[in-house]
Amino acid sequence: MESRILDDLNPAQREAAACIDGPLLIFAGAGTGKTRVITHRIAHLIYDIGIPPENILAVTFTNKAAGVMRERLVGLAEGSSHAAAAGRVFFATFHRFCAWLLRRHGEAVGIPKRFTIYDDADSLHVIRQILKSMNLESSIYRPAAIAAIIDRAKNDLRGPQDIEAAAEGPVEEKTAGIFVEYERRLRAAGALDFTDLLVFAVRLLESAEPVRKHLQEKFSYVLVDEYQDTNLAQYRLLRSLAAHGNLCVVGDDDQAIYSWRGADVRNILSFEKDFPAARVVKLEQNYRSTQGILDLAYRVIRNNRDRADKRLVTHLGPGDAPTVYAAADGYDEASFVSGRVRDLESDLPYNQMAVFFRMSAQSRLIEEEFLARGIPYVVVSGVGFYERREVKDLLAYLRVIANPADDAALERILNVPKRGIGDTSAAALAECARAAGVSQADMLNRLDQVGASAMVKKRLADLAHLLQELRRDAADRTIEETLRRTVAVTNYFDYLEKTDPPGFEERAANVQELYTVAQEFANRVGMAEGQPPLVAFIEELSLLTDADRADSSADRVSLMTLHAAKGQEFSAVFLIGLEEGSLPHASAFESDAELEEERRLCYVGITRAKRKLFLSHAYSRRIYGETRDDIRPSRFLEEAGVLEEARFQVVDTAAYRSFRRREAPERVSLNDDTIVRVPLDDDQAAFGVAPGDRIAHPHFGEGMLLRISGHAEDATATVKFDRAGRKRLKLAHAKLTRLS
DNA sequence: ATAGTGGGTGTTTTT
DNA sequence: CACCCACTAT
Ligand SMILES: Nc1ncnc2c1ncn2[C@@H]1O[C@H](COP(=O)(O)OP(=O)(O)OP(=O)(O)O)[C@@H](O)[C@H]1O
């Protein structure tokens with residue numbers, strides 16, 4: 001068992017990596033080498049102990065993390081005869097692992113082999129359809145809210161009955177019914193949404209003993225990174241899978257940031273109870289950051305009550321004090337960031353710099369600034385390649401080809417490109433299919449049963465024919481060829497050019513890029529695994545995210561959300577928008593638990609930095625197109641004493657001082673019912689109503705006018721109606737009458 | 001059937 | 001501001 005592999009670990013890490021049998025928890029703070037231990041432990045298992053690599057399953061949080069880990073593992077075997085073995089370890093996210101499992105054994109729980117994976121947009125689409133069929137208004141029953149409730153329930157392995165039982169309002173009550181119908185429609189379409197992958201995998205493992213036994217034998221060693229962010233479904237999956245006890249999990253309760261997705265930090269806190277005889281290894285030596293950065297991180301996270309205390313030490317020395325910049329506004333902040341990037345660029349490559357923010361929308365000002373300054377950057381979260389309309393359109397064609405039952409995909413392409421099949425015809429087709437109990441694609445081949453005009457039927461028949469040809473040809477063509485043929489027979493480029501002339505070039509380029517992705521996929525995967533390549537490709541696209549696609553070798557500054565930053569590290573980090581409402585986000589104000597999660601998010605951001613850390617906040621922001629001058633710095637900055645202490649460099653600006661002097665209007669948070677009695681400008685007063693008035697609206701009834709914002713035509717009243725709740729109404733339009 | 005208009009509405013975070 | 005929906009005019 002003598003091993004050079006473990007030489008580049010410190011004693012505590014080595015202990016963890018060398019402990020190969022039985023449950024093991026590595027519970028340690030940021031940058032202590034948890035991920036490194038996992039990688040070395042796998043290498044040790046294979047190269048020193050002789051465990052066949054295909055018996056090892058390593059679960060990561062993102063596909064990208066899986067890729068990085070695989071590379072590192074190969075790196076460790078460099079030059080040895082084992083190098084190829086590394087490729088046989090199964091690295092995957094939970095979702096990908098479940099998809100793999102269900103492709104093979106899903107039939108035991110009623111999932112067809114060629115199931116399709118519905119993404120968020122598909123799910124929302126289905127929910128909207130259901131709302132329509134139930135005659136529920138989507139303004140009250142907000143599809144996204146309903147989707148969130150359903151998704152959350154599924155992650156907790158709960159069903160419609162549980163939601164109904166726990167329902168607190170009308171929306172939740174109805175959600176149970178929508179949930180039932182949602183499930184029905186997905187099953188009928190042979191589709192699983194992201195969370196279904198987990199749900200059905202759990203169901204499969206817990207109900208089909210032969211499958212479970214087989215997997216337990218196959219994966220005799222299971223390792224899980226970022227265990228603090230696992231949810232109930234994932235936990236149950238691990239329990240079944242790793243009943244043999246050879247389960248190694250690593251994590252840090254201070255980095256639990258996915259509770260909104262059902263992740264439960266108690267999974268890691270009670271690991272010892274769940275897996276008796278578990279060994280626990282704690283690591284304290286941080287190898288990533290300088291002491292100044294770690295101190296600041298600690299000053300933030302220590303304010304969480306609900307945590308296991310951990311101190312981190314580093315021997316990288318004190319380093320540069322983190323810089324705090326108080327910006328006048330978002331533009332000022334952006335120019336601060338670009339200025340510092342310019343200062344740093346002689347010492348650091350761009351890809352060692354990153355800008356983090358709470359919400360994707362916050363990247364915009366930074367992007368504009370970088371564009372103007374010629375600083376190369378890449379946005380690694382937000383609307384990306386795979387969400388592009390053109391990519392999803394073509395993917396929908398592939399989906400229908402691979403799985404004719406995929407109604408969501410069919411509905412997407414029914415009239416894309418425009419072929420004169422409008423909402424009415426689409427609804428008729430859907431209704432007939434529903435009545436006949438078949439998929440809409442099947443219905444296309446039984447048009448005699450569809451009540452529609454001859455003209456429409458002809459168009460539907462043409463589509464059916466087109467799909468049939470594509471499907472027939474797909475059998476003996478490459479994916480790329482199928483894609484090209486689809487584009488050709490549908491005249492897809494013409495459609496793009498007609499519908500979006502200014503965006504045409506970019507969209508066409510994305511289509512080309514998709515060809516390349518298909519080609520690379522084919523080269524990489526070959527004909528392995530005996531799976532139809534088309535099905536495998538669609539799965540790949542469904543599970544990949546933009547972050548996975550980002551080429552880390554390209555020399556660009558990374559822009560990403562704090563959530564996307566987890567697990568990564570950069571020499572220089574900018575954490576922007578450190579303001580009340582943003583970080584912590586306004587939606588967390590009401591709940592201590594959520595505030596603590598926001599604080600952890602801040603902690604995660606800070607601890608990504610190796611040597612340079614810049615924190616910034618602005619006193620003025622545009623929110624909903626309105627400029628707000630009453631923005632306060634984040635409580636996290638205050639708690640940490642950052643704003644006063646000389647040990648941190650506080651950059652102040654003349655611009656900011658003048659902002660501070662200006663009289664701030666009464667503070668209003670987005671959710672409260674304060675009546676904002678600031679003097680109205682003449683154009684606002686002209687409407688004859690003022691904050692504090694009782695008013696009546698023809699549709700919403702009576703209410704209290706809370707505030708007026710905007711000017712002239714755009715003057716908008718915020719009214720709290722007695723029955724209809726809070727509404728915003730354009731004064732120029734809404735007929736408000738003043739009572740009393 | 002579709003394009004264009006003009007309301008109202010709402011905000012996280014992602015596999 | 002950006003998105004989504006309902007409505008109107010072609
Ligand atoms: N024993 C060691 N010797 C040298 N460098 C190390 C050692 N252990 C870890 N490192 C380095 O420290 C950095 C952080 O390691 P790693 O990403 O594994 O930490 P982590 O605990 O997973 O962090 P986090 O939880 O913050 O994502 C990496 O650059 C890694 O190479």
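A polar contact is a pair of N or O atoms within 3.5 Å. In this predicted model, a polar side-chain atom of Arg128 is 2.6 Å from a phosphate oxygen of DNA strand C. Arg364 also has a polar side-chain atom placed 2.3 Å from a phosphate oxygen of DNA strand C. The residues that surround DNA strand C are Arg128, Ser138, Arg364, Tyr624 and Gly625. By class, the residues of this surface comprise 1 nonpolar, 2 polar and 2 charged.

The ligand has 18 residues around it, of which Gln13, Lys34, Thr35, Glu569 and Arg608 come nearest. The shell around the ligand consists of 3 nonpolar, 9 polar and 6 charged residues. Helix α2 (residues 34-49) supplies the largest share of this shell, with 3 residues. The ligand lies between domain 1 (11-103 + 199-287) and domain 3 (294-380 + 550-660), because both domains give residues to the shell around it.

Side-chain contacts to oxygen atoms of the ligand involve several residues, as follows. An N or O atom in the side chain of Arg608 is 2.8 Å from an oxygen atom of the ligand. For Arg288, the distance from a side-chain N or O atom to an oxygen atom of the ligand is 2.8 Å. In the case of Gln255, a side-chain N or O atom is 3.0 Å from an oxygen atom of the ligand. On its own, the ligand has 640 Å² of accessible area, and the protein covers 82% of that area.

Terms used:
Residues are numbered from 1 along each chain as its sequence is written. Chains are lettered from A and ligands numbered from 1 in the order in which they are written. This is a predicted model: local features need pLDDT of at least 70, side-chain atom pairs count only at pLDDT 80 or more; totals for chains, interfaces and linings use all residues. Side-chain values use heavy atoms; hydrogens and water are left out. A residue is near a molecule or strand if one of its heavy atoms lies within 4 Å of it. A polar contact is a pair of N or O atoms within 3.5 Å; within protein, one must be able to donate a hydrogen and the other to accept it, and residues adjacent in sequence count only if both atoms are side-chain atoms. Ala, Val, Leu, Ile, Met, Phe, Trp, Tyr, Cys and Pro count as nonpolar, Asp, Glu, Lys and Arg as charged, and the others, Gly among them, as polar. Accessible areas come from the Shrake-Rupley method with a 1.4 Å probe; for residues, only the protein chains shown count as cover. Helices (H or I, at least four residues) and strands (E, at least two) are DSSP runs, numbered from the N terminus. Domain bounds come from an automatic or database domain assignment.
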